[in-house]
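Here are my notes for when you open the model.

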Amino acid sequence: MVSLHVVLPKQPIRTVDEYLDLGGGAALYAARALGPQATIDEITASGLRGRGGAGFLTGTKWTSVATGGGRHYVVANGAEGEPATFKDRLLMRRDPYRIIEGTAIAAFAVGATEAFVATKRHYAEAASNLRRATLEFTEAGLLEDLAITVVEGPDEYLFGEEKALLEVVEGRDPLPRLLPPWQHGLFATVPSGGWESESAGISDRGQSNPTVVNNVETLAAAAHILANGADWYRTMGTTESPGTVIVTIVGDVVEPGVHEVELGTSLNDVIARCGGAREGRRLRAAFSGVSNAVIRAEDFDVALSYEALAAIGSGLGAAGFAIYDDSADMVDVASEFSRFLAIESCGQCPPCKQESMAITDQLAAIARGDADDATFGVMNSRLLRVTDANRCYLGTEEQNVVSSILRAFPEDFAAHLESRGEPARHVSVPLIDDITDAGQVVYDHRHATKRPDWTYPDA
Ligand SMILES: Cc1cc2nc3c(=O)[nH]c(=O)nc-3n(C[C@H](O)[C@H](O)[C@H](O)COP(=O)(O)O)c2cc1C
Ligand code: SF4
């Protein structure tokens with residue numbers, strides 16, 4: 001299997017002139033020639049699905065915003081907070097111009113005159129590339145009357161959650177609001193739901209300003225689609241998951257890295273491209289971030305498509321996979337992933353924060369050999385409650401990940417109950433700081449000391 005370079009170029013594009021020489025800008029001209037509705041139709045015909053995690057159809061999202069009342073906005077999501085994922089930063093490193101062009105196309109399609117491109121303050125290189133690309137696009141007159149602002153947000157995982165992202169763009173903390181962006185967008189003046197708005201009629205009380213939030217890879221893909229056509233895009237991938245996807249593979253493989261592949265390529269093929277298991281080791285499990293159920297090694301022939309991963313009870317997520325071999329203790333993995341989610345939970349929905357904290361404590365107790373059979377019963381009932389009344393998907397992630405590990409690796413839990421031993425090897429949640437051109441993964445270990453109120457002891 002060779003890596004493709006459809007959306008992710010081989011080398012960084014450094015100036016707008018270089019970008020235009022390589023054919024950049026053609027997509028924006030094509031969109032303007034087509035008009036807003038035909039631009040949305042082209043994206044709908046391509047079958048493009050969002051690369052931020054949920055795989056939502058981009059054409060459907062743009063349609064609902066284009067037809068909504070009030071002002072319209074577009075937000076490009078380059079927060080990239082999912083563990084085991086680095087593809088957005090690589091894209092922002094190599095082709096920030098395509099992200100700006102895709103954002104401009106989305107804005108044109110939905111009738112927005114203001115757009116935002118958001119990434120983490122900590123991702124200094126990405127932020128500087130996006131600012132440079134925006135400035136050069138503006139100076140070259142490519143944006144016409146569209147204003148694009150680069151927003152630098154906090155490190156918190158929730159910053160990338162679309163309802164929290166809008167809060168950050170508006171200058172607040174990343175606490176998910178109640179309604180989704182297409183219902184309650186940027187700078188909306190309607191109440192955000194409840195009896196008030198319904199009894200008075202939303203349209204009487206202000207504007208909902210429907211907003212498109214798309215992942216940066218989605219927007220870059222949209223630019224390629226406008227330049228080359230929906231039919232071209234559908235020559236790659238599967239019927240339900242057309243095109244390519246940029247996959248991150250880290251963990252227990254010989255050569256971790258980022259590879260663009262056609263959707264429908266098997267997970268096994270991408271792992272093989274990364275050199276497979278280390279010598280003398282056998283692979284056990286893969287996790288697409290911390291959002292979906294574990295994929296056991298027996299299922300590694302699964303196609304990387306939204307439908308195939310859903311069929312085995314998991315999900316493609318942001319296509320960032322953490323791979324573990326037979327030296328990893330799955331109780332330890334469950335405990336670390338649960339701790340990450342518990343810390344990152346914002347606590348607006350008490351079951352999410354409280355149950356995920358308690359589940360983390362119980363997993364840690366099992367890993368230490370400090371638990372008995374009764375712990376499982378209590379933990380299972382907590383896993384059922386952790387999603388109660390939740391505003392966002394984080395609590396479901398906790399439920400998906402922990403329950404699936406319990407089901408897939410009961411022997412690891414049994415071993416801790418019987419031998420009461422500590423794990424031989426301790427894993428950390430795979431937050432990535434960098435993947436160098438030489439293929440070296442630099443992990444970010446700061447999260448190990450982060451406290452449930454998002455502070456650090458040394459701050
Ligand atoms: C806890 C949480 C964190 C998320 N983090 C990100 C992120 O860092 N980047 C991203 O693009 N989407 C993230 N998402 C998904 C976004 O909410 C949203 O679905 C996505 O940006 C939509 O873009 P798409 O349709 O192009 O996929 C996150 C979702 C959740 C629940
Ligand atoms: S589900 Fe969890 S993370 Fe999401 S808003 Fe509620 S408490 Fe916060």
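1. Which strand does Ile323 lie in? Ile323 is part of β9, residues 320-325. Helices (H or I, at least four residues) and strands (E, at least two) are DSSP runs, numbered from the N terminus.

2. Bear in mind that this is a predicted model: local features need pLDDT of at least 70, side-chain atom pairs count only at pLDDT 80 or more, and totals for chains, interfaces and linings use all residues. Residues are numbered from 1 along each chain as its sequence is written, with chains lettered from A and ligands numbered from 1 in the order in which they are written.

3. Back to Ile323: with 27 other C-beta atoms within 10 Å, Ile323 is buried. Buried takes 20 or more such atoms, exposed 12 or fewer, and partly exposed falls in between, with C-beta atoms placed from the backbone. Leaving out residues up to four places away in sequence, Ile323 touches Ile249, Gly251, Asp252, Val253, Ile271, Leu283 and Ala286; contact means C-beta atoms, placed from the backbone, within 7 Å.

4. Now look at α3 (residues 36-46), whose buried residues are Thr39, Ile40, Glu42, Ile43 and Ser46. They cover an arc of only 155° around the axis, so they sit on the same side of α3. That arc is taken from the directions from the helix axis to the C-beta atoms. Their packing partners are α2 (26-34), α4 (58-66), α6 (96-110), α11 (216-228) and α12 (230-233). Just after α3, Gly47 has a positive phi of about 75°.

5. For the overall picture, the protein has 19 helices and 11 strands, and 53% of its 459 residues count as buried.

Technical notes. Contact = placed C-beta atoms within 7 Å.
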